[in-house]
Amino acid sequence: MIKAHALSKYYDVGSIRTEVFKSLSFSVNEGEFVSIVGPSGAGKTTLLNTIGLLERFQSGSLELAGKDVSKLNDAKLSAIRNRYLGFIFQDFNLLPELDVLSNVMLPLEISGVKTQHAKDRAQYQLQRMGLQGRVHHKPYLLSGGQQQRVAIARALVGEPKMILADEPTGNLNSQMAIEIMQLLQEINRQGTTILMVTHDEHLSNLASRKICLSDGQIQEAQPQELASCG
Ligand SMILES: Nc1ncnc2c1ncn2[C@@H]1O[C@H](COP(=O)(O)OP(=O)(O)OP(=O)(O)O)[C@@H](O)[C@H]1O
Ligand SMILES: [Mg+2]
């Protein structure tokens, strides 16, 4: 699903260069649930956004779902993003002025899917998330866990091959965090590949594989072998 080879990424701000990662190589197979852990500032978000084609990298190569995305233009990159990827963020990123249903329909409407079809598909995902009774609520009327479930429905509505999640439980209490994690595990069992950044040691160990990003380098280990990272 992901093949990164010698991937390097830096930011230049004025005359100051921050090398986030250098010559990073790793792969994620279809159907895996991989967690990424590492100290704050290690580059986890940058790595996830680079793989999600939200950020460019400077050198190396990246394949997603068998396609070399290293040299594509912006239009091709967003086409791949829409077709293969779903995103979940720590702060949910729901649009406050839209109700739950419209939030979930949005990615389909942007890709030109007809309204009725978008509505049916959004309703199906919301039902799957147990939110059929909340479709006409505005996001602020929902609990944090419910808002994240709306965001998961939105990530799934385009039927992506892979979900990229950046601290999806970071704003939730531990009970809600476990519920969201169980949902992600269920989605993974049904065939969606998941790459998830988390600070939570316990949740990271529930993934099928754990990657540790530290000092711009990757260490891999089976969850139970790696007590902590960095
Ligand atoms: N847009 C940007 N411009 C310049 N530097 C950036 C930018 N985004 C991130 N950085 C720098 O890149 C490094 C990695 O940041 P990143 O947000 O990827 O870390 P992280 O591992 O996700 O941290 P956290 O666990 O705190 O979320 C940091 O040193 C940060 O200052
Ligand atoms: Mg981060």
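This is a predicted model: local features need pLDDT of at least 70, side-chain atom pairs count only at pLDDT 80 or more; totals for chains, interfaces and linings use all residues.

Tutor: In helix α1, the buried residues are Lys44, Thr46, Leu47, Leu48, Asn49, Thr50 and Ile51. That is 7 of the 8 residues of the helix, which spans residues 44-51, so α1 is largely enclosed by the rest of the structure. Just after α1, Leu53 adopts a positive phi of about 65 degrees.

Elsewhere, the largest nonpolar core contains 36 residues, and Leu126, Met129, Ile152 and Leu184 have the most contacts inside it. At least two residues of this core come from each of α3 (100-110), α4 (115-128), α5, β7 (162-166), α6 and β8 (193-197). Apart from it lies another core, of 30 residues, which includes Met1, Leu64, Leu85 and Leu195. Beyond its neighbours within four places in sequence, Met129 is in contact with Arg149, Ile152, Ala153, Leu156, Leu183 and Ile187.

Helix α5 covers residues 144-156 and helix α6 residues 174-189; their axes are 10 Å apart, at an angle of about 20 degrees. Angles under 35 degrees count as roughly parallel, so α5 is roughly parallel to α6. The crossing of α5 past α6 is right-handed. On the α5 side, the contact is made by Gly144, Gly145, Gln148, Arg149, Ile152 and Leu156; on the α6 side, by Met176, Ile180, Leu183, Leu184 and Ile187. Sorted by class, the residues in this contact are 7 nonpolar, 3 polar and 1 charged.

Definitions and conventions:
Residues are numbered from 1 along each chain as its sequence is written. Chains are lettered from A and ligands numbered from 1 in the order in which they are written. Side-chain values use heavy atoms; hydrogens and water are left out. Axes are lines fitted to C-alpha atoms, for helices over the stretch in contact, and angles run from 0 to 180 degrees between N-to-C directions. Helices (H or I, at least four residues) and strands (E, at least two) are DSSP runs, numbered from the N terminus. Angles under 35 degrees count as roughly parallel, over 145 as roughly antiparallel, 65 to 115 as roughly perpendicular and the rest as oblique. A crossing is left-handed if the near helix is turned anticlockwise from the far one by less than a right angle, and right-handed if clockwise. Contact means heavy atoms within 4.5 Å. Ala, Val, Leu, Ile, Met, Phe, Trp, Tyr, Cys and Pro count as nonpolar, Asp, Glu, Lys and Arg as charged, and the others, Gly among them, as polar. A nonpolar core is a set of buried Ala, Val, Leu, Ile, Met, Phe, Trp, Tyr and Cys residues joined through side-chain atoms within 4.5 Å. Buried means under 20% relative accessible area, exposed over 50%, partly exposed in between (1.4 Å probe, protein chains only).
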